[in-house]
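Biologist: I have just opened this entry and would like a guided tour. Please show me the sequence and the fold, and then we can go through it piece by piece.

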Amino acid sequence: LHYPLRRQRQMCIRDRNKKNLNYGIIGNCKSSALIKEDSAIDWCCLPQFDSPSVFGKILDDKIGGQFKIECDPSFSINQEYFKNTCILVTKFQSKDHEFHLIDFMPRYQKDSSNYYAPPEITRILKLVKGRPSFRVLYDPRLEYALGETKNYVKEDFVVSVVDADHYDTLYLYTDLDKRELLSGAKMILTKDHFMTVSYNEKIELPNTEFIQYEFEMTKVYWLNWCNKTPSFKIYNHEVLRSAMTLKLLTFEKSGAVLAAATTSIPETIGETRNWDYRFCWIRDASMVIKVIAKLGHVKIVENFIRYIIDLIPDKNEKFQIMYGINGEKILTEKTLDHLAGYEGSKPVRVGNAAFFQKQNDIYGILMDVIHYQIEKFSDNKERHEELWTIVKSIVWVVNNNWKLADKGIWEFRNNDQHFTFSKLLCWVAVDRAIKISYLIQGGKSANKWVRLRDEIHKDIMGNSWNEEKQSFMQSYGSDHLDASVLLMEYYGFIEAKNPKYVKTVKAIEKELMHEDLLFRYKNDDDFGTPSSSFTVCSFWFINSLYKIGEEKKSKELFDKLLGFSNHLGLFSEDIDFKTKRLLGNFPQAYSHLALIDNAMNFNSFSVGD
């Protein structure tokens, strides 16, 4: 049904600005790699997501480092995923010659029921016909390209070593001639070959048979994972790709969910809105978990709840808005001034200073996912006791903080304000706590919390509504519209057909919609006026149109938005209004969870052809 849409998307990408985030992502829930449509690995951090990069050309075209297969211009290059997997195949084809490059990071279940997911990338060169010639450009630059990485050919491997501020090594195993490979010499492909990049020196040397075994086992893992995901009548391909992308952004060791796999891809080329997203935002992760739970993948939900419980050893400990993927609480931000940045957009940042910000919205979003967990998995009494302690602590924090200003969902770094979204999520926190109370203790605590919930509701209705604008506003007393208030209906604060909500949707469409995409807001922030569309906001608007009864218009906009993804159906954080090129960190969990939510809407209601 949707192959014509995918062809249209690919044509659209070829025709518009060639400088786009045309990358595929592979991974194994410990780390990931971005592979450009021409085969180049331009971003990979090992041994885990937030480690320093070993390939970082995406952040510096000259010194970042990459791993690429290069052919003469007579070859056409096309890229796609093996169906229902995260295994990427890049096809090189000419009139007389053809070979495929198969890329994956091993992940499969061992006899012990644990998952084998080593910090390594395997690339298989598969001959299809002829005798194609090619070169390997193998240029690792360890530790974010700080210091000089030197390569040495050993009997069993090529080892790359950096010994600057930090010492690090990387190993390449292959059945190709190692010296020819490292020199970039032209080689002729006469049979299948493999190349495995490993962070660790391997005890047992890989060979062709073992590499084929890992490929088949990894393929089976992803096929089984997709088989556990429900099928949908329409947009099934898009839902599956988004769900697998969200899975790739989970860190299995701790249960954390990353916001994105990259750092410092700018929201606008040449500006300084460049942030490190390789961390777990409680807000983003909780929303991802709720969507993944709807698709039946309960293990991810359980792992995330464990991550949250492990973060709060003391009852009086306050939540941060974000944590490291291993639960780190200090995420000191610094700049890597030696890197030029994505298309010259400096600075390149690692760490994120937002970790100490006060954002009151996180309590409601976390409480929402806790409520979902308890409601859907009602028999886990031991876990519920741990969660109930967190629930009571959150209500206590909300009661003492909801009247205070904060940084808001968009993390304004200057003055705190009374943001509507933050107040809304404080209401959600208390509302879900009341529901949880009825689920696990017959409502004993609910009665004392109802008054607080009603007080917050009255406060929002009285202070956020702007009669002149006929809309709920970004913050109390302001005249700025904000896409985040569209979520008032999503969280059950207001009915979709309530006149004030309908008017809000219309006002936001009139003021924030531009070139089929939505501004998140138009007012100046710490870095000026936003000039690109925050992708998730367009999905929120599409969902709101659907909810107020404009299903056909909603679906038309959804189909347009899908056409703005890259050649593999992946989305970043932002989209340029004019060129529709992808911007911001990639792939973005927020964007893909909202895509799934929208697609599920259209599968529950027929809107015609």
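Biologist: Which residues does Leu-142 touch, not counting residues up to four places away in sequence?

Modeller: A word on the ground rules: this is a predicted model, so local features need pLDDT of at least 70 and side-chain atom pairs count only at pLDDT 80 or more, while totals for chains, interfaces and linings use all residues. Residues are numbered from 1 along each chain as its sequence is written, and side-chain values use heavy atoms, with hydrogens and water left out. With contact meaning heavy atoms within 4.5 Å, and residues up to four places away in sequence set aside, the partners of Leu-142 are Ser-53, Val-54, Thr-149, Ser-160, Val-162, Asp-168, Thr-169 and Leu-170.

Biologist: Is Leu-142 buried or exposed?

Modeller: Leu-142 sits in helix 2 (residues 142-145); helices (H or I, at least four residues) and strands (E, at least two) are DSSP runs, numbered from the N terminus. Buried means under 20% relative accessible area, exposed over 50%, and partly exposed in between (1.4 Å probe, protein chains only). Leu-142 has a relative accessible area of 0%, so it is buried.

Biologist: What is the phi of Tyr-144 near?

Modeller: Tyr-144 also belongs to helix 2 and is buried, at 10% relative accessible area. Most residues other than glycine have a negative phi. Tyr-144 has a positive phi, near 60°.

**Cis peptide bonds**

Biologist: What is omega for the cis peptide bond that joins Phe-586 and Pro-587?

Modeller: Most peptide bonds are trans. Pro-587 lies in the loop between strand 30 (582-583) and helix 16. The cis bond from Phe-586 to Pro-587 has an omega of about -20°.

Biologist: And what is omega for the one that joins Leu-46 and Pro-47?

Modeller: This proline, Pro-47, is in the loop between strand 3 (41-45) and strand 4 (53-55). For the cis bond between Leu-46 and Pro-47, omega is about 10°.

**Helices**

Biologist: At what angle do the axes of helix 6 and helix 16 cross?

Modeller: Two packed helices are described by the angle between their axes and the distance between the axes. Axes are lines fitted to C-alpha atoms, for helices over the stretch in contact, and angles run from 0 to 180 degrees between N-to-C directions. For helix 6 (residues 282-294) and helix 16 (residues 589-604), the axes come within 10 Å and cross at roughly 35°.

Biologist: How many charged residues are in that contact of helix 6 with helix 16?

Modeller: The contact involves Arg-283, Asp-284, Met-287, Val-288, Val-291 and Lys-294 of helix 6 and Ala-589, Tyr-590, Leu-593, Ile-596, Asp-597 and Met-600 of helix 16. Ala, Val, Leu, Ile, Met, Phe, Trp, Tyr, Cys and Pro count as nonpolar, Asp, Glu, Lys and Arg as charged, and the others, Gly among them, as polar. The contact has eight nonpolar residues and no polar ones, and the charged residues number four.

Biologist: How far does helix 8 reach from its first C-alpha to its last?

Modeller: Helix 8 (residues 361-376) is mostly covered, with 14 of its 16 residues buried. Its expected span is 22 Å, and the reach is close to that, at 23 Å.

**Aromatic rings**

Biologist: What is the angle between the planes of Tyr-115 and Tyr-221?

Modeller: Rings of Phe, Tyr and Trp (its six-membered ring) pair if their centres lie within 6.5 Å; planes under 30 degrees apart count as stacked, over 60 as edge-to-face and the rest as tilted. By this rule there are 36 aromatic pairs. One of them is edge-to-face, Tyr-115 with Tyr-221, at 5.6 Å centre to centre and with a plane angle of 80°.

Biologist: Which residues do ring pairs link into a cluster with Tyr-235?

Modeller: Tyr-235 is in the loop between helix 4 and helix 5 and counts as buried at 0% relative accessibility. Its phi is positive, near 65°. Ring pairs join Tyr-235 into a cluster with Phe-539, Tyr-546, Phe-558, Phe-571 and Phe-602.

How values were computed. The expected span of a helix is 1.5 Å times one less than its number of residues.
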